[in-house]
There are 4 protein chains.
Amino acid sequence: MSSTYGKSLKLSIFGQSHGAGIGMVLDGIPAGLKVDEENLQEFLSRRAPGQGGHTTSRKEADKVEFLSGIVDGFTCGAPIAAVIHNSNTRSEDYSNLMDCPRPGHADYTAQVKYGGFQDAAGGGHFSGRLTAPLCIAGGLCLQWLSDSGIRIGAQILQIGSIKDEELNACHPELDRIDSAFPVVNSDAGEKMLDAIAQAKAHGDSLGGIIQCYATGIPAGLGEPMFGGVENRISEIVYGIPAVKGVQFGTGFAAALAAGSENNDSFYIENGKVKTLTNHCGGILGGITNGMPLVFSVAIKPTPSITCEQQSISLSTMQSASLIVNGRHDPCIVPRAVPVVEAAAAIAIYDLILSNTQTNKRK
Amino acid sequence: MSSTYGKSLKLSIFGQSHGAGIGMVLDGIPAGLKVDEENLQEFLSRRAPGQGGHTTSRKEADKVEFLSGIVDGFTCGAPIAAVIHNSNTRSEDYSNLMDCPRPGHADYTAQVKYGGFQDAAGGGHFSGRLTAPLCIAGGLCLQWLSDSGIRIGAQILQIGSIKDEELNACHPELDRIDSAFPVVNSDAGEKMLDAIAQAKAHGDSLGGIIQCYATGIPAGLGEPMFGGVENRISEIVYGIPAVKGVQFGTGFAAALAAGSENNDSFYIENGKVKTLTNHCGGILGGITNGMPLVFSVAIKPTPSITCEQQSISLSTMQSASLIVNGRHDPCIVPRAVPVVEAAAAIAIYDLILSNTQTNKRK
Amino acid sequence: MSSTYGKSLKLSIFGQSHGAGIGMVLDGIPAGLKVDEENLQEFLSRRAPGQGGHTTSRKEADKVEFLSGIVDGFTCGAPIAAVIHNSNTRSEDYSNLMDCPRPGHADYTAQVKYGGFQDAAGGGHFSGRLTAPLCIAGGLCLQWLSDSGIRIGAQILQIGSIKDEELNACHPELDRIDSAFPVVNSDAGEKMLDAIAQAKAHGDSLGGIIQCYATGIPAGLGEPMFGGVENRISEIVYGIPAVKGVQFGTGFAAALAAGSENNDSFYIENGKVKTLTNHCGGILGGITNGMPLVFSVAIKPTPSITCEQQSISLSTMQSASLIVNGRHDPCIVPRAVPVVEAAAAIAIYDLILSNTQTNKRK
Amino acid sequence: MSSTYGKSLKLSIFGQSHGAGIGMVLDGIPAGLKVDEENLQEFLSRRAPGQGGHTTSRKEADKVEFLSGIVDGFTCGAPIAAVIHNSNTRSEDYSNLMDCPRPGHADYTAQVKYGGFQDAAGGGHFSGRLTAPLCIAGGLCLQWLSDSGIRIGAQILQIGSIKDEELNACHPELDRIDSAFPVVNSDAGEKMLDAIAQAKAHGDSLGGIIQCYATGIPAGLGEPMFGGVENRISEIVYGIPAVKGVQFGTGFAAALAAGSENNDSFYIENGKVKTLTNHCGGILGGITNGMPLVFSVAIKPTPSITCEQQSISLSTMQSASLIVNGRHDPCIVPRAVPVVEAAAAIAIYDLILSNTQTNKRK
């Protein structure tokens, strides 16, 4: 039950980093939705590696093959299955990681949970590579949301100590986010790339914060308590490896404010209910209020660093030092941006599918 | 599907603030677990109001009546149902809130979602009062976890700008948390109470941060991707009203660190695998690593403030000013501490029940 | 997870036969649906005992108390919780049943599963009394379905070897079913009552078959494979104690027919698609075809018989003979009729709530 | 949510009859279970067509490709994904079936539900071909159950009016079932094959009844009410196309018996609790009692018959006559036998994974 998400839709993700293939099944999608495979492939290329100094040099085509659910460019109502075949597999020897677990990785916990039967190659099912099928599902949902006037975009808010300019939470101009390196302020972007390059030069890595916005969301999505928009989004976003925090609106900063500062006052604009500020991130009582949805995500620094680290040998139960080789991103934050958008799209599309119609009291 | 949580256990919470009763059904619990009703009642009293200047003056007995699932002090395997009858109900008129929604509250989103049929009295199903049944379920899980050597405790880490001393993430001494006002440093606690009193004097409110620790957790709980410990805990914690952020270990601060700082090195202590630091909060790849579980929660300032606020009239679609009367906590953070513990206990107990046994490779 | 049902709605049933109360929580119901409590109470009285020679003489008021989810006669969108307090409890000693299990009852399997902690009194959570909360949920769904022109009715098709006249599967005239004793042919009904009386006189019991019809069902409900109407209905109907078979349309008889006999030919009537026969029971490929839904249910004879039976002592692991005393229905089929209707109503209402809208190809 | 099954395991089935591929994802399986791919392929060949006069002449290799979840012959704890690529696709024109639906098929209901976007080719997702991935999942579960001493086997109990000899419900000797044509009595098998040949000669088809047995099942599996063994098995078995009835033990026949006949008396044999008869099919109160599990399944006659049938044109809304061409089984009962076994294996394996441990009262 580890890798299945959703209430009205059911997303099932499978694959290991160096297995035969990775992919997903997306069940519960209505028939008659248009699918633009070229657009999807472009979306996927945003998370693919090999696009700049800040990513690993491993080349992945990530060519999606649809096995079912789509006929002549439209969903047919049957589950959508898609596979990306792995071309670049199992060439290296990962067996030593099963004895000497890498700090910050799932090597040790996988060993405890799967008793030595886990697929250790390339991180197995824990690999960041599994975000590719998440992006297949999310890329499709983004297309369908777009047909309803809902747009989702995310910016790198921070890498290390360098901060980008934040979009306006009431009117996020998503087009201001650069398409190549997703920041608003290009100077900040340059500094971030420098910082990543420096970390790489030291065999070290960096983390960061991604902020995601969804506009065009109707009021009334979500449910109180455990079915709230925050619950549903955080449940899927924590499925992205390296995420260690999720907050909505001003989030942890709201904890510091007074109520008189933090409350968002209502007003009417062109006959529509709006709020003057958007500290709540578009969600009150778990339910969307019609303002943009805003949340941010903490990404820890890539645990794969090349400097020597302290670990242990599980066979001898003695301390051991570890040098991690291989191709690794010194900072996965840029590649994680479309993944966060994808996760948000899946959660929101599921919320829309689950939304029950209510009578209106006259 | 709004108010149901769990994989192996199924928790269903019901009630409105001013309805006949609030309660819960907890299904999927094994038979033969001891239930100490007195201990549960004591736990519930920690979230009850009326215990100091920092809470509302409304008195609630919160006396739990068990309807099923417990026979002679032990679970019998059937669903456990419990009710708290509301004694203090529907005395006031809340109908104006359906026209003039309070900023920061769910009044407007409830109106959109439920079309005027929602129970507006006292916040209805959105009320913080619904955390009482959460504490019934959580209080029971705390007892059963305690029988397995698992302890859960939480401290107020911050209220407004005042910070408490943080417990050691590797060895959290839960007994250092004061039982009356849950802080480690009593000076910080005094200052927090002062700040709350000041906010109250101004008709204003304060938010804060709660940090929760669980010790004695075995390694190997949780699943990769969507079934991870972070996913499961955040899904339930966001069910607590006013929560706007959840982070694990160093969380958002990890985003600022280098990988070489943030990775937790392994070592052996008395034949057990441990980590020198606990930046990951005891979770790697969604799975517990045997170190204490650490997460923190952002609580927004209570939206119920008595100073005049800007709102609208939904009937006239004109702006309107609003004065909120009634008994309200100027800061719900202290009362939310046991609720966070309860939520953590439910999530962890569910993870334990869901944990599959694996073979060990010889 | 034993006693929770539903996809879009979540029904949670709790209680033991001789516990403090039995009841249900029904979550996921839209706001603004009218609730007629008097009508519900009348529906519940159809399954209540003590209405004739064919039922136990135990009197149960089965007075429903709603704790939440209904305000001023309408659903408010919050979970609906209802309780029936047990007035007539734990007077007898059931401990010997934990040692000497009754044949045909769950005494032995409960002992294995719950290890001696089960509530043995009156059958505990296995008691037929738990169908009362099922009827609360089902009675509400029947009201809401009726508002959409959907009617559900069931007849006793057979008790022992005596058969009632079957309603026409294409045009079931539900009003022909007698309201007091639910058969179409009153002579058959008399003979059934005689057979029950005879069984009772011999300390024996009888089973039977109930056939249920739903009219006004729109075409297009249900999903292929595991989400089909047959899957959803059988999943809930097997929740009724004593059910040992469920079949749709001609069911097992279809197994004997040739395809040319069993296929239902399509025709057009008043611009609507219909079938000349209804052997499929209104379901093709798991999806409703707009014809009446027809299914039948096998009810085993009540295992509680007063003649001496062969059993064992679990403490001594020796054979033991057993005489069951107490008030028991010699035939529960008549009382099970509204329960089958209730189960069908819940399943159908859940299917309607889960039904996704699809685009139509132009 | 149509094609996803399971509580502790999650089975997701995808594909259309003439799409690129069909397959399944099986999530929630423990690590370290042995997988014998050759044995699985043999199991799959039992449902493959082209093995005799009684099946369609279409040849399918049904070669399974595993994409994930298995490393070096053992499950690795990650979801297991498997694909069968379709070699024999979309050669014919099925568009007329979208206008003129075949009686007894899902053509019309698919048209209503999917609005003309459904994959009509070869029945699309409704095709019996989708039972192949069900057999992949079930074939794996059969292997793992076999490792725990649980065996599952099924016989053709009846085709048309010809009956096989029933195995003893208390001691089903599964080896007596013929491996080529799964009956106990070879004379009955010959007559069945004759009847099928005759039906084929007339362009007609036949249905039948399959009876399935599981031995070695421990007592205590399953839950009361909706989580019972009957509920879980029927939910999955109704996912097999053409199933119109499921009954447990004596099923509908129990409805005709007196309680004194139908109750299964307990006795002790070699220190184990047994019953003298097994009318209940090994299930009391939804929970296994340690006796063999016995259930039977009604399969309707294949709706694909070649004689002229009465239908309609959905475009003109006029009556139309229909001749169905193509390769079709005159009786799918023999090929459905391993599918029923597979479905039972999945349900039972899920019940075992979901089984919670209880304390034993001393």
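Me: What makes β11(C) and strand β11 of chain D a pair, and in which sense do they run, parallel or antiparallel?

Reply: In this predicted model, β11(C) and strand β11 (residues 243–248) of chain D are joined over three bridges, in the antiparallel sense. Pairing asks for at least two bridges between the strands, so three bridges meet the criterion. Within this pairing, C:Gly245 stands opposite D:Gln247 in β11(D).

Me: Why is the contact between C:Lys244 and D:Glu230 called a salt bridge?

Reply: The N to O distance between the side chains of C:Lys244 and D:Glu230 is 3.0 Å. The cut-off is within 4 Å, from a side-chain nitrogen of Lys or Arg to a carboxyl oxygen of Asp or Glu. The 3.0 Å contact of C:Lys244 with D:Glu230 therefore qualifies. The count between chain C and chain D is two salt bridges. Strand β11 (residues 243–248) of chain C gives the most to the side of chain C that touches chain D, with six residues.

Me: What makes up the side of chain C that touches chain D?

Reply: Its residues divide into 50 nonpolar, 41 polar and 13 charged. Between chain C and chain D, 34 residue pairs are in polar contact, both residues being at pLDDT 80 or more.

Me: How do you know that the two copies, chain C and chain D, meet through the same surface?

Reply: 100% of the interface residues of chain C are also interface residues in chain D, so the surface is the same on both copies. In number, 104 residues of chain C are in contact with 104 residues of chain D. About 8500 Å² is buried between chain C and chain D, 64% of it on carbon and sulfur atoms.

Me: What rotation and shift superpose chain C on chain D, and why is the relation called a two-fold axis?

Reply: A rotation of 180° superposes chain C on chain D, with 0.0 Å of shift along its axis and an RMSD of 0.0 Å. That is the relation of a two-fold axis.

Me: What is the strand order of the open sheet of five strands in chain A, and which strands stand at the edges?

Reply: The order is β1-β2-β3-β7-β4 (chain A), and the pairing is antiparallel. β1 (4–5) and β4 (64–68) of chain A each have a single partner strand, so one side of each has no neighbour in the sheet and they stand at the edges.

Me: How do you know that strands β2 and β3 of chain A are paired?

Reply: Five bridges join β2 (residues 10–14) to β3 (residues 21–27) of chain A. At least two are needed, so these strands count as paired. They run antiparallel, and A:Lys10 stands opposite A:Asp27 in β3(A).

Terms used. Residues are numbered from 1 along each chain as its sequence is written. Chains are lettered from A and ligands numbered from 1 in the order in which they are written. This is a predicted model: local features need pLDDT of at least 70, side-chain atom pairs count only at pLDDT 80 or more; totals for chains, interfaces and linings use all residues. Side-chain values use heavy atoms; hydrogens and water are left out. Copies are superposed by least squares on the C-alpha atoms of residues with pLDDT of at least 70 in both. Contact means heavy atoms within 4.5 Å. Buried area is the accessible area (1.4 Å probe) that two parts lose on being put together, summed over both. A polar contact is a pair of N or O atoms within 3.5 Å; within protein, one must be able to donate a hydrogen and the other to accept it, and residues adjacent in sequence count only if both atoms are side-chain atoms. Helices (H or I, at least four residues) and strands (E, at least two) are DSSP runs, numbered from the N terminus. Ala, Val, Leu, Ile, Met, Phe, Trp, Tyr, Cys and Pro count as nonpolar, Asp, Glu, Lys and Arg as charged, and the others, Gly among them, as polar.
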